[in-house]
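Trainee: I'd like to go through this one by asking where each label comes from. Can we start with a helix?

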Amino acid sequence: MMGIIFYDLKGRDGRNFSPYCWRTRMALAHKGLDFEHRGTAFTEIKDVVNGRFKTVPVIENNGEAICDSNEIAKYLETHFSDRPSLFGGNAGEALCKFVHSWTNAVVHPGVARSVIFDIYDHICDHDRDYFLASREKIFGMPLAEAQAGREDYLEEFRQSLYPLRLTLRNQCFLGGENPNYADYIVYGAFQWARTIS
């Protein structure tokens, strides 16, 4: 029986920083699953699973390949149902969809604005041209400008996290007494900032 292979985004010195890959790493840990880790640079993703996917995370398990952190979490929940649940049922899975949307709409833009040029400084050399062109197209400006003034923006970003602080003031995790996939969604965003900046 072949084990799980986890394709993770890597930078220089093996630095793993993708918020979506951190979600998958935590989901695998939550399930207590062993895996083979394969760091993958941006421009190497085309070589993963015969080029079937354009992004990581990707996992392979017994001949199946799954891309997208949310799809991977659902796969792990279904295929390893004897292990601790990531969602705690359908209601928990539905709530995780909201947390995913909130994190992508609020937390990720705040983090990206603060670390985007730091990412450029830490990615593999052969990824730099791709990253610069693709991210400057997204931001509509040079990356150094996109990150400029991040100290001034920091307080506004902190204020946007106030609902998260209020929730965690009264319970240990978004999942309640124990973490669930909602926690890993938010955790991934903060690991992105921590590991790259």
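Predicted model: local features only at pLDDT ≥ 70, side-chain atom pairs only at ≥ 80, totals over all residues.

Trainee: What makes α8 largely enclosed?

Mentor: Buried means under 20% relative accessible area, exposed over 50%, and partly exposed in between (1.4 Å probe, protein chains only). By that cut-off 12 of the 16 residues of α8 are buried, so the rest of the structure largely encloses this helix.

Trainee: How do you know that the span of α8 agrees with its length?

Mentor: Helices (H or I, at least four residues) and strands (E, at least two) are DSSP runs, numbered from the N terminus. The expected span of a helix is 1.5 Å times one less than its number of residues. For residues 181-196 that rule gives 22 Å, and the end C-alpha atoms are 22 Å apart, so the two agree.

Trainee: What reaches the backbone nitrogen of Ala-182 at the start of α8?

Mentor: A side-chain oxygen of Asn-180, to within 2.9 Å. A polar contact is a pair of N or O atoms within 3.5 Å; within protein, one must be able to donate a hydrogen and the other to accept it, and residues adjacent in sequence count only if both atoms are side-chain atoms.

Trainee: Why does Thr-40 count as buried?

Mentor: Its relative accessibility is 4%, so Thr-40 falls under the cut-off. Thr-40 sits in strand β2 (residues 35-40), and its side chain reaches the backbone oxygen of Arg-38 at 3.1 Å.

Trainee: Which residues touch the most other members of the largest nonpolar core?

Mentor: Leu-76, Ile-119 and Tyr-181, in a core of 54 residues. α3 gives the most to this core, with 10 residues. A nonpolar core is a set of buried Ala, Val, Leu, Ile, Met, Phe, Trp, Tyr and Cys residues joined through side-chain atoms within 4.5 Å.

Trainee: Why is Cys-96 too far from Cys-172 for a bond?

Mentor: A disulfide is a pair of cysteine sulfur atoms within 2.5 Å. The sulfur of Cys-96 is 17 Å from that of Cys-172, its closest cysteine sulfur, so a bond is ruled out. The structure holds 0 disulfides. Cys-21 is in none, with the nearest cysteine sulfur, in Cys-67, 9.1 Å away.

Trainee: Why is Asp-13 called exposed?

Mentor: At 78% relative accessibility, Asp-13 counts as exposed. Asp-13 lies in the loop between β1 (4-9) and α1, and has a positive phi of about 60° although it is not a glycine. Val-49, in the loop between β2 and β3, has a positive phi too, near 50°, but Val-49 is buried at 12%.

Trainee: Last one: what makes the protein chain as compact as a globular protein of that length?

Mentor: The chain has 8 helices and 4 strands. Its radius of gyration is 17 Å, close to the 16 Å from the globule rule for 197 residues, so the chain is as compact as a globular protein of that length. The radius is taken over C-alpha atoms, and the rule is 2.2 Å times the number of residues to the power 0.38.

Definitions and conventions
Residues numbered from 1 in each chain as written. Heavy atoms only, no water.
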